[in-house]
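Hi everyone, thanks for coming along. Let's take a friendly first walk through a structure that may be new to you, so please have a look at it before I start.

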Amino acid sequence: MSSTVTNPTVLDFFKQFTAYHIMPTSARTLAIDSDTTLYKAFRIMNDNLVSSSFVWDRSSELYTGVLTSTDIMKACITFYHAFQSSESKNDITKFGLGDNPSLAEILSHVSISSVKTKQQLCYAQTTTTLLASINQMMENNVHRLPIIDNDGSIIATLTYRSICRFLVSKFRFESNILSKPIIETRAVSRLIITIPSSYTVLEATQVLVKHSLSVVPVLNENNEILDVFSKYDFSNMATTALNMQTKITEIIASRPPQMEGLVTASTSSTVGSILRMIADKNLHRVILVDDEQPGIPVAVVSLRHVLKFLCVTDVYAETETRSRAGSLEHEIQLEDDSNEHWHVFSGQQ
């Protein structure tokens, strides 16, 4: 009696492939010494077009954590309130910085090790499956995992975005889950945190840090979405004196064309089309807008939540059945040597 063979699911895809498969042929990682000042580290990350760096401790000869743009934002907020706000009663002159130093000057006297505690580094090995890697990132609330070889060297970095790009480029099967409207899934949040366009950098970064966001929508006077302010916009200030009272509209206006900005999608968009959009435009989040009122945001889709949704077994129970015949090793090809394309992804622009 023959059994019905069905297409493998995205969950099967994540179980089959490992961190090794997702590694680019030429990978670059950035590590900064823990004695480096925050401002210099900020400049180094900006020069290398990255929002994070591994921290290397010379005394222990170990990687002791990850410095992110969020860490820099937190430091700027802390030191601004400590020394530059009107409510501050601290005397900055006793640190030998003179009267009214800029925030950039203050951070030039603060080392990474003085504000970033040593912590055990979460990492993946080359044999770690993508499913295990995604679960590890979510359990530890991190957005990146270094891939470490048998010698303890970091050879690449695994991120939600790199996993998304790999999935979009390699998964070639039809999928009911990926054809599902994104608005009907657990991958969206209807609780949207927004800020007005009149906000300063200080006010905007405080919102980002408080709510653990990478991007926040910016609304005009009519509560219509005007743009977004992101940690990447903040990183673009690395070459300035870091004036936290600068209006966010000034920062947005100076945004480089290649930097992530406002990207919206219709509420009728499918899970697959959102993943394609994220992969093509190198995004973290997409704002869903009302079909009849395109200026009104109705929900936010983050890549992290989309991948979390795809990694939950029960979402496949009603619509997709695991095949008992064959192996994914023989069904999914690593090389782009086939003219076949997966319908859900290839049909999107």
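Let me begin with a question: leaving aside its neighbours within four places in sequence, which residues is Ser133 in contact with? They are Ala124, Thr128, Leu145 and Leu158, where contact means heavy atoms within 4.5 Å. Ser133 sits in helix α7, residues 130-139. Helices (DSSP runs of H or I, at least four residues) and strands (runs of E, at least two) are numbered from the N terminus. Ser133 has a relative accessible area of 0%, so this residue is buried. Buried means under 20% relative accessible area, exposed over 50%, and partly exposed in between, with a 1.4 Å probe and protein chains only.

A quick word on where this comes from. This is a predicted model, in which local features need pLDDT of at least 70 and side-chain atom pairs count only at pLDDT 80 or more, while totals for chains, interfaces and linings use all residues. Residues are numbered from 1 along each chain as its sequence is written, and side-chain values use heavy atoms, with hydrogens and water left out.

Now the overall picture. The protein has 349 residues, and buried ones make up 50% of them. Its secondary structure comes to 15 helices and 13 strands. Taking contacts between residues at least 6 apart in sequence, 65% join residues at least 24 apart.

On to the interior. In soluble globular proteins, nonpolar side chains tend to be buried together. Here the largest nonpolar core has 50 residues, and Phe14, Ile182, Leu275, Leu288 and Leu310 have the most contacts inside it. By a nonpolar core I mean a set of buried Ala, Val, Leu, Ile, Met, Phe, Trp, Tyr and Cys residues joined through side-chain atoms within 4.5 Å. At least three residues of this core come from each of domain 1 (10-171) and domain 2 (178-308), with bounds from an automatic or database domain assignment. There is also a second, separate core of 43 residues, and Phe83, Ile112, Val207 and Val218 are among its members.

Back to Phe14 for a moment. Not counting residues up to four places away in sequence, Phe14 touches several residues, including Ile163, Leu167, Leu307 and Leu310. Ile163 and Leu167 are both among the buried residues of α8. Helix α8 (residues 160-170) is largely enclosed by the rest of the structure, because nine of its 11 residues are buried.

Phe42 is another one to find on your screens, in helix α3, residues 38-47. Phe42 counts as buried, at 1% relative accessibility. Its contacts, not counting residues up to four places away in sequence, are Ile72, Phe234, Ser235, Met237, Ala238 and Leu242. In the loop between α3 and β2 (52-57) you will find Leu49, which has a positive phi of about 55° although it is not a glycine. Leu49 counts as exposed, at 73% relative accessibility.

Next, α9. Its buried residues are Val201, Leu202, Ala204, Thr205, Val207 and Leu208, and they pack against α4, β8 (195-196), β9, β10 (225-230), α10 (231-235) and α11 (248-253). After α9 comes Ser212, with a positive phi near 55°. Ser212 is in the loop between α9 and β9 and counts as exposed, at 60% relative accessibility.

Which residues lie nearest the centre of the second largest pocket? They are Thr70, Asn141, Val142, His143 and Ser212, out of 43 lining residues. The volume of this pocket is about 1200 Å³. On a 1 Å grid over the protein atoms alone, a pocket is an open set of points with protein on both sides within 12 Å along at least five of seven lines, a cavity is a set where a 1.4 Å probe fits but cannot get out, and lining residues have an atom within 4 Å of a point. Grid points are joined across faces, edges and corners, and a volume is the space filled by probe spheres set on the points. Helix α4 gives the largest share of this pocket's lining, four residues, and each of domain 1 (10-171) and domain 2 (178-308) contributes at least three.

Finally, the largest cavity has a volume of about 50 Å³. Its largest lining share, three residues, comes from β12.
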